[in-house]
Amino acid sequence: MSPGIYAQVSIGIRGGFNLSAMKFESASGQKSGGIGSGSQLKNLQADLLLNIPVQGGVYLQPAFRYITKGTFLEPAASHSDGESGNRIKVRYIEMPVNLLYKFRFPGFKLCVGGGPYVAYGLGGNYNTDMISNGKVVSHSMRSLAFEEEDNVVTPGMYLNRWDAGLNTTLGVELNSMVMIGANYSYGMVDIDNSAAYKVKNSYLGISIGILLNREDY
């Protein structure tokens, strides 16, 4: 019999880590940061996902993801004194909704796809360095503020809780129901409400997990 006859929704859980960065663009158009710039942070992520058969090898895969995003910040000039931002971390609940195609091979499926995501900021923190005579003399950590409250980490920066963008994914599903995959996420929304900067999230993640039931049996 065709496996499609018995296709049903399956549930999975997975976890992993990501390299995240924020891309900054000043009002004058100067850009800095982003994946590949050396400003990446290592963070954790965890998913609860659904596999929803659509037609043939096509599946809809929404997920609820707990993830930390953020970035290291470029250090202040060595001759500058005062407080300088060092690192930002923001915790999100994120929902990517991917459309996948699963190519069947003996013993596994190759899964390729992508789609949009939306994320809501739960909270976060930022680290700053106090610089005197060109040297770091102390460190501090503070809670991030959202909406209309200034963040000292970047004066004039007003963070938006909401983030959204595009996500691409590549992975394998073994017949043992183990999932191994990678994804790249690119933020399309400026998460700074001020006019000082345009700030966008991005990250590259890898994960491993397991399907709790099979969708094709």
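Biologist: Is Thr-71 buried or exposed, and why?
Modeller: Thr-71 counts as buried, because its relative accessibility is 0%. Buried means under 20% here. Keep in mind that this is a predicted model.

Biologist: Where is the place of Thr-71?
Modeller: Thr-71 sits in strand S4.

Biologist: What does the side chain of Thr-71 reach?
Modeller: The backbone nitrogen of Met-22, at 3.4 Å.

Biologist: And which residues does Thr-71 touch, not counting those up to four places away in sequence?
Modeller: The list includes Ser-20, Ala-21, Met-22 and Phe-24. Ser-39 and Leu-41 are also among them.

Biologist: Switching to charges. How many salt bridges does the structure hold?
Modeller: Six. One of them joins Arg-14 to Asp-47, with the closest N and O atoms 2.8 Å apart. Arg-14 is in strand S1 (residues 10-26) and Asp-47 is in strand S3 (residues 41-55).

Biologist: Are Arg-14 and Asp-47 buried or exposed?
Modeller: Both are buried.

Biologist: What else does Asp-47 meet in a salt bridge?
Modeller: Arg-65, at 2.8 Å from N to O. Arg-65 is buried, as is Asp-47.

Biologist: Which residue forms a salt bridge with Lys-69?
Modeller: Glu-94, with the closest N and O atoms 2.7 Å apart. Lys-69 is in S4 and Glu-94 is in strand S5 (residues 82-105), so this pair ties together parts 25 residues apart in sequence. Both residues are buried.

Biologist: Which residues are linked in a network of salt bridges?
Modeller: Arg-14, Asp-47, Arg-65, Lys-69, Glu-94 and Asp-163.

Biologist: Now the strands. In what sense do S1 and S3 pair, parallel or antiparallel?
Modeller: Antiparallel, over 11 bridges. Arg-14 stands opposite Asp-47 there.

Biologist: How many bridges pair S1 and S10?
Modeller: There are 15, again in the antiparallel sense. S10 covers residues 197-211. Asn-18 has Gly-205 as its bridge partner in S10.

Biologist: And what do S1 and S2 form?
Modeller: A hairpin, with four residues between the strands. Gly-29 in the turn has a positive phi of about 95°. Three bridges join S1 to S2 (residues 31-33), and the two run antiparallel. Glu-25 has Lys-31 as its bridge partner in S2.

Technical notes. Residues are numbered from 1 along each chain as its sequence is written. This is a predicted model: local features need pLDDT of at least 70, side-chain atom pairs count only at pLDDT 80 or more; totals for chains, interfaces and linings use all residues. Side-chain values use heavy atoms; hydrogens and water are left out. A salt bridge is a side-chain nitrogen of Lys or Arg within 4 Å of a carboxyl oxygen of Asp or Glu. Buried means under 20% relative accessible area, exposed over 50%, partly exposed in between (1.4 Å probe, protein chains only). A polar contact is a pair of N or O atoms within 3.5 Å; within protein, one must be able to donate a hydrogen and the other to accept it, and residues adjacent in sequence count only if both atoms are side-chain atoms. Contact means heavy atoms within 4.5 Å. Two strands pair if DSSP finds at least two bridges between them.
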